[in-house]
2 protein chains.
Amino acid sequence: MKLSIKDLVNVARGAAFLGTGGGGDPYIGRMLSVSAIQEYGMPEIIEPEDLDDEATVFTIAMLGAPTVLSEKGASGEDVDLAIEKMEKHLGKKADALMPIEIGGVNSMLPIMAAARRNLPLVNADGMGRAFPEIQMVTFNVYGVTCTPAVITDEHLNSLIIETGTSAKRAEDLVRVSSIEMGCSVIMSSYTMTGKQVKDFGVHGTLTMALEIGRAIEKGRKEGEPVEELARYLRTTPFYNQCKVIFDGKITDLRREVTNGFTMGHCLLSALDGSDRTLEVVFQNEFLIAKEDGVVRAIVPDLVCMVDRETAEPIPVDSLKYGQRIKVLGVSAAPIMRTKESLAVFGPQAFGLDEKFTPIENL
Amino acid sequence: MKLSIKDLVNVARGAAFLGTGGGGDPYIGRMLSVSAIQEYGMPEIIEPEDLDDEATVFTIAMLGAPTVLSEKGASGEDVDLAIEKMEKHLGKKADALMPIEIGGVNSMLPIMAAARRNLPLVNADGMGRAFPEIQMVTFNVYGVTCTPAVITDEHLNSLIIETGTSAKRAEDLVRVSSIEMGCSVIMSSYTMTGKQVKDFGVHGTLTMALEIGRAIEKGRKEGEPVEELARYLRTTPFYNQCKVIFDGKITDLRREVTNGFTMGHCLLSALDGSDRTLEVVFQNEFLIAKEDGVVRAIVPDLVCMVDRETAEPIPVDSLKYGQRIKVLGVSAAPIMRTKESLAVFGPQAFGLDEKFTPIENL
């Protein structure tokens, strides 16, 4: 299938929702991809099933501090360089590209990259959401090695990182390098086979981002955007456990940038006249929502905050005192909830004390 | 020529002297090279003139915090990996290896590497001394690109860094990566041709380190080690401007580790009964010696501190209150004193206010 330029608006909005507060601003990514598409044409979107088992697939992403990502963007040459360096290093060409995460800017950057490289883009990713660290993907959980990882910056400096089987070691090296390279870099990593994409990818997430954006757009026309969004999610293969868990306004907000992450929490008070309160804790992404101390939704399930009137997804950076918000809890893909996956990006990976409980059981 | 195992003791001592207080502990390097030589045989030492103009030469070095270098050493596999990765990345084999700096541990590590790889080692380096940062070499001054640079660690993680023509950019990236990799890494960089080694290398420094060590040994037998050392230096092609600028004991010492460097200064009071004092400022290496405010020796000329009785070179890390020391000022190679070189590693590169004046004019 092919997206239209107009579709990108909805993909970006859907990706912002799936970004659960983090993942960088997809609207900036949209600008980048639109100009790439105008120059190189719209890339083909293919399904994991369309890949040969032996096909070579690279992930491509931006990585760094969200605020800087938005300001610096990507020149395109840095994207080309990352892919070219990887191809030269491996001694083989990419047959397709794929997002590493669908949430946020990394839904869009691969569209730009695929357009520039004239490669198909796979309708799948390694999260079905956004996460702050590069080991936090299904590919890593199920044995695809993160490295070689190629990092490039806007001055066309490059790094090829190899850390054997340790994706966490790669994360540490990528992180310090990206900070030194100006807090925003392009990364190609997790090169894998078509078979691995089929087995370990979270399928269909690019088109689901598009449909989420469309549902919000449709809901706005009909006057019920949050409800329309929830209605659509319930029809999807795995985002279908979806609850509007709170309707409130922000009465307290603590947010600070620590070790390159935006950390903090916000408190919401109910708008229904009751004295109910919801606390949402974040590390780039919203991690857990607790109502008067009781868990309502917890990572890797999605905690999403949207404007209560327009359903516009609200990133952590844009939270404001007094803002009126609906909070949704949404089920993650089954592969994201396995014991193996929870060991890598369950609540304990973020230092939370609470155990993971699926949203449908809360 | 071939060194003997016994020669390594003297090379290490001479390299400690040329390390001007820094460069890491060559005695640890000697242990590593001795065991490599016992396993693989002593490598051939060749002169720059023996190289074909088109020959491919790699530098090889350890890099990191001196204290950690001494504790961790190098496994040998990390050295092999750095060279193999470079050869694969460039698509050509090394014809010879070369030290990047002769001062300190990096005189010895290349002997180990050459033994393991069965490659000749070039009797030259890029400083004729030690310096704390990787752009501070004649190769960089005269247009040999620092990168690709390959970094490896003891867990066999690796990084290939490319920063175009900016060696300072490479330094910044290498530095943060080496800290993340445990403050001690192996680096191969500054790949160059035989012609470039001939034109931009500081020649003969490995054998001069050997002869410096021998002079100290001979002087000890004859009861005048510092004098014998100075006598030998005056016969060399460029270390020949050599002055014993102070004979004193340490009466004040400030030393701290900042940004990965050992920074500080020490004060010496004269032992001749006068009230003369000498201040020596260091950043890993001794940079400047001032007697009552008047410059006596200044970087890139060598400021060396040795035990006043045994002429044993004293590294910054081993300075102690009350220690009795002779301080020598020694001329650097002419290529190290050009306008171009001074711009890269003259006094201003270290934040000093004083202008460079050759030791012979002070």
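Predicted model: local features only at pLDDT ≥ 70, side-chain atom pairs only at ≥ 80, totals over all residues.

Reply: Happy to. Residues are numbered from 1 along each chain as its sequence is written, chains are lettered from A and ligands numbered from 1 in the order in which they are written, and side-chain values use heavy atoms, with hydrogens and water left out.

Strands of a sheet pair through backbone hydrogen bonds, either parallel or antiparallel. Here seven strands form an open sheet with antiparallel pairing, in the order β14-β13-β12-β11-β10-β16-β15 of chain A. Two strands are said to pair if DSSP finds at least two bridges between them. At the edges are β14 (294-298) and β15 (302-307) of chain A, each pairing on one side only. From one strand to the next, the twist averages 35°.

Now zoom in on one pair. β12(A) and β13(A) run antiparallel and are joined by six bridges. A:Val280 has A:Ala289, in β13(A), as its bridge partner. The loop between β12 (277-283) and β13 (285-291) of chain A holds A:Asn284. Most residues other than glycine have a negative phi, and most peptide bonds are trans. A:Asn284 is not a glycine, yet has a positive phi of about 60°. A:Asn284 is also buried, with a relative accessible area of 10%; buried means under 20%, exposed over 50% and partly exposed in between, using a 1.4 Å probe and protein chains only.

Helix α10(A) lies across β10 (242-258), β15 and β16 (324-330) of chain A, running at about 5° to β16(A). For such angles, axes are lines fitted to C-alpha atoms, for helices over the stretch in contact, and the angles run from 0 to 180 degrees between N-to-C directions. Contact means heavy atoms within 4.5 Å.

α10 (residues 225-233) of chain A also packs with α9 (residues 205-222) of chain A, at an angle of about 145° and with the axes 7 Å apart. The residues that meet include A:Met208, A:Ile212 and A:Ile216 from α9(A), and A:Leu229, A:Tyr232 and A:Leu233 from α10(A). By class, this contact has eight nonpolar, one polar and five charged residues. Ala, Val, Leu, Ile, Met, Phe, Trp, Tyr, Cys and Pro count as nonpolar, Asp, Glu, Lys and Arg as charged, and the others, Gly among them, as polar.

For chain B, look at the loop between β14 (294-298) and β15 (302-307), where B:Pro300 is found. The peptide bond from B:Val299 to B:Pro300 is cis, with omega near 10°. Another cis bond, with omega near 5°, leads from B:Thr147 to B:Pro148, and B:Pro148 sits in the loop between α6 (138-141) and β6 (149-152) of chain B.

Finally, the two chains. Chain A can be laid on chain B with an RMSD of 0.0 Å by a turn of 180° and a shift of 0.1 Å along the axis. That is the relation of a two-fold axis. Copies are superposed by least squares on the C-alpha atoms of residues with pLDDT of at least 70 in both.

Definitions and conventions:
Helix = DSSP H or I, 4+ residues; strand = E, 2+ residues; numbered from the N terminus.
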